[in-house]
Amino acid sequence: MDFRRVLRYVPFLTIHAIACGVILVGFSWTGFVVAVALFFGRMFVITAFYHRYFSHRTFRTHRVTQFLFAFAGTTCAQRGPVWWAAHHREHHRHSDGPPDIHSPHQHGLLHSHSGWFLTERGLGTDWSVVPDWAKYPELRWLERLHVIGPLVLAALMYGMGEVLLRIDPTLNTSGVSMLVWGFGVSTVALYHGTFTINSLAHTLGNRRFATSDDSRNSLLLSLLTLGEGWHNNHHYYPGTARQGFYWWEIDITFYVLKAMSWIGLVWDLRPVPKRVYAAAAATRVRMGESALPTRPWPGLTRPTAKEASGIRSDGGGA
Ligand SMILES: [Zn+2]
Ligand SMILES: [Zn+2]
């Protein structure tokens, strides 16, 4: 048996085991509320920063804010932002093609959902596709020590539970209960919520744009992931800070980013270009004649590495 391969699964399975602790500690409203808050709070960090900022550079921010959100992202136990961005840029470059490491059409739904990141290739970080982040020593440090994030959150949850138990026992929580709910349940829900974008957002939903992959738009996935479910929009044009292209396409992440821009925390949110709306309108006309194909249209080119990363000629970012 290859023990190194088995060892890779240990952290992922341990967090699931902690979540299964609900069987022992029972239901707690206090724990549940904290779990929900940490689920959506950290979902925002993943979608706004790991995805729209570190992977696609669709807005700018201060270097300090960049680091704080990068650290907050590591509490999600999805490794560091550079690892995440490197694999995601590769996904856009090869989307649903043979080199796409988490395409459900190449490797099956389960592998695309939660198997790919435990493979040898999935664990590594190809720094050549994220040269823009290599110049920040604090980010390189965070990549090496990303495990600190989940450990800090777990310790905080345990400590908070113990403090609440002493302040008010009627809150029905404790160190262990809060560890299970605030860290375990919340992180597992966050895992599988995030992973639906790799698996289901390339399988279920509608296609507005005839992209060279099988990406889909789904309201349900967008509500779960704060806007990431408009995945066909995103694959067609990954260079904008918003993924819901119309007012009725709910994109909570974009609304929060917009509010953050009003107080100067982030700025230069890249909009959806007019030509993209024109392409969407042209698609609607075609839809009237015949339904869009569910499989990629032949002859469409895939984005280059630079286009997939969203890196601008002026450098972008912090
Ligand atoms: Zn995708
Ligand atoms: Zn993306």
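**A tour from the tail to the core**

Next select residues 289-301. Here too pLDDT stays under 50, and the model has 13 contacts beyond four places in sequence.

This is a predicted model, in which local features need pLDDT of at least 70, side-chain atom pairs count only at pLDDT 80 or more, and totals for chains, interfaces and linings use all residues. Residues are numbered from 1 along each chain as its sequence is written, while chains are lettered from A and ligands numbered from 1 in the order in which they are written.

**The whole chain**

Zoom out. The protein chain averages a pLDDT of 89, and 89% of its residues score at least 70. Colour by secondary structure: there are 17 helices and two strands. Helices (H or I, at least four residues) and strands (E, at least two) are DSSP runs, numbered from the N terminus. Of the 318 residues, 44% count as buried. A residue is buried if 20 or more other C-beta atoms lie within 10 Å of its own, exposed if 12 or fewer, and partly exposed in between, with C-beta atoms placed from the backbone.

**Helix α1**

Select 3-19, which is α1. Its 17 residues should span 24 Å at 1.5 Å a residue, and its end C-alpha atoms are 24 Å apart, which agrees. The expected span is 1.5 Å times one less than the number of residues. Now centre on P11, where α1 has a kink of about 35 degrees. That bend is the angle between axes fitted to the seven residues ending there and the seven starting there. Highlight I15, I18 and A19, the buried residues of α1. They pack against α2 (22-25) and α12.

**The largest core**

Select V45, F49, Y50, F54, V82, A85 and L179. These touch the most other members of the largest nonpolar core, which has 45 residues. Such a core is a set of buried Ala, Val, Leu, Ile, Met, Phe, Trp, Tyr and Cys residues joined through C-beta atoms within 7 Å. Elements giving two or more residues to this core include α3 (29-55), α4 (63-74) and α12 (175-199). The most come from α3, with 12 residues. Centre on L179: beyond its neighbours within four places in sequence, it is in contact with I18, A154, M157, Y158, G161 and G184.

Select 81-94 for α5. This helix has 14 residues and reaches 20 Å from first C-alpha to last, close to the 20 Å expected. It is mostly covered, with 12 of its 14 residues buried. W83, W84 and H87 are among them.

Step on to D96, in the loop between α5 and α6 (104-107). Its phi is near 65 degrees, a positive value in a residue other than glycine. Most residues other than glycine have a negative phi. D96 is buried, with 22 other C-beta atoms within 10 Å.

Go to H146, in the loop between α10 and α11. Buried or exposed? H146 counts as buried, because it has 23 C-beta neighbours inside 10 Å. The C-alpha atoms of H146 and T75 are 8.2 Å apart, though the two residues lie 71 residues apart along the chain.

Finish at N172, in the loop between α11 and α12. Its phi is near 60 degrees, also positive. N172 is partly exposed, with 16 other C-beta atoms within 10 Å.

How values were computed: Contact = placed C-beta atoms within 7 Å. pLDDT = per-residue confidence, 0-100.
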